[in-house]
Amino acid sequence: MSTSKRESSPSSNKEKQLLALLLLNLPHVTSTGLIIDELWTENPPKSAMTTLQTYILHLRRFLAESMGISARAVAKEYLVHRSGGYILASSQVDLDVDEFRELERRAHKEMDRNDFEGAVKSAESALSLWHGQALMDVQAGQYIQAEVHGLEQARLSLIEAKIEAELALGRDRKVLGELSTLVTRYPLHEGLNSSYIRALANSGYRTRALEVYRSLHAVMVDQVGLEPSAELRGLHEAILTERLPRARVGHRRGELLRHPA
């Protein structure tokens with residue numbers, strides 16, 4: 001949110017959580033019922049409405065101080081009470097998440113039309129907006145947790161799309177280190193494992209590529225009770241028979257394929 005050049009945030013965890021909720025729910029009014037459910041889950045205190053009004057008052061003071069205007073002006077123009085809830089004036093809000101979503105859409109569209117250079121640039125610009133996990137310093141209830149999960153999934157999908165574009169451009173060696181880290185973090189993500197196996201094989205590391213496949217196969221059978229996808233099995237066969245195609249474009253992106261979690 002654009003306020004002043006200095007970085008600041010509310011000192012209270014509940015007020016920070018409330019501000020995050022209002023921002024995530026833009027451009028809609030956030031109902032008091034949703035706010036109470038987010039802040040206190042299933043056990044709101046009897047004084048929840050009064051306490052919420054206190055949090056709103058403190059947030060308005062915080063915004064007034066940050067923006068160099070009066071709390072009265074904030075109440076009229078920036079953090080406004082509407083029937084049944086509250087809303088931040090969307091014309092005054094500038095969020096990294098909105099810029100990320102726009103760049104994400106652009107990158108996927110560029111992938112769809114095989115503009116791999118453009119997709120890499122758009123994806124890298126979007127991913128550069130991330131500094132750690134989404135809302136990592138915000139206490140999260142059910143609504144914010146769902147939003148954070150969605151953002152993290154979108155980020156992972158974009159990382160996978162960027163890597164696909166790099167592979168389509170023949171930059172297999174460039175992405176080996178990144179893929180090694182990613183498959184360690186997401187051991188059951190078939191798309192990332194497929195990209196890693198392909199990049200290894202295309203970089204001359206066929207033995208290592210086969211080891212990664214065997215490891216994935218063992219983990220999937222032991223932990224999930226499933227065989228790897230037909231695509232991965234075909235990739236394994238292609239490496240064994242030295243019939244590996246260069247590019248892998250157009251498969252399903254951004255999915256934790258067949259992973260029950």
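**Salt bridges, aromatic pairs and a covered helix**

Me: Which residue forms a salt bridge with K162?

Reply: A salt bridge here is a side-chain nitrogen of Lys or Arg within 4 Å of a carboxyl oxygen of Asp or Glu, and for K162 and E178 the closest N and O atoms are 3.1 Å apart. K162 lies in helix α7 and E178 in helix α8, so the pair ties together parts that are 16 residues apart in sequence; helices (H or I, at least four residues) and strands (E, at least two) are DSSP runs numbered from the N terminus. The residue that forms the salt bridge with K162 is therefore, by this rule, E178.

Me: What pLDDT is required before side-chain atom pairs count?

Reply: Residues are numbered from 1 along each chain as its sequence is written, and side-chain values use heavy atoms, with hydrogens and water left out. This is a predicted model, in which totals for chains, interfaces and linings use all residues and local features need pLDDT of at least 70, whereas side-chain atom pairs count only at pLDDT 80 or more.

Me: Is K162 buried or exposed?

Reply: Buried means under 20% relative accessible area, exposed over 50%, and partly exposed in between, with a 1.4 Å probe and protein chains only. E178, at the other end of the salt bridge, has a relative accessible area of 30% and is partly exposed. K162, by contrast, has 7% relative accessibility and so counts as buried.

Me: How far apart are the closest N and O atoms in the salt bridge of R171 with E117?

Reply: Both residues are partly exposed, R171 with a relative accessible area of 23% and E117 at 38%. Salt bridges that share partners join E117, E166, R171 and K174 into one network. For R171 and E117 themselves, the closest N and O atoms are separated by 2.8 Å. R171 lies in the loop between α7 and α8 and E117 in helix α6 (residues 116-127), so these parts, 54 residues apart in sequence, are joined by a contact of 2.8 Å.

Me: Which helix holds both R208 and E211?

Reply: The side chains of these two residues meet in a salt bridge, at 3.6 Å from N to O. Residues three or four places apart in an α-helix point the same way, because such a helix has 3.6 residues a turn. R208 and E211 are three residues apart, about one turn, and both lie in helix α10.

Me: How far apart are the end C-alpha atoms of helix α9?

Reply: The expected span of a helix is 1.5 Å times one less than its number of residues, so the 13 residues of α9 (residues 190-202) should span 18 Å. The computed separation of the end C-alpha atoms agrees, at 18 Å.

Me: Which aromatic pair is edge-to-face?

Reply: Rings of Phe, Tyr and Trp (its six-membered ring) pair if their centres lie within 6.5 Å, and planes under 30 degrees apart count as stacked, over 60 as edge-to-face and the rest as tilted. The whole structure has two such pairs; the rings of W40 and Y55 have centres 6.2 Å apart and planes at 20°, so that pair is stacked, and it links helix α2 (residues 32-40) with helix α3 (residues 48-67). In the other, the centres are 5.6 Å apart and the planes at 75°, so the edge-to-face pair is F100 and W130.

Me: Where does W130 lie?

Reply: F100 counts as buried at 2% relative accessibility, and W130 is buried with a relative accessible area of 13%. The two are 30 residues apart, with F100 in helix α5 and W130 in the loop between α6 and α7.
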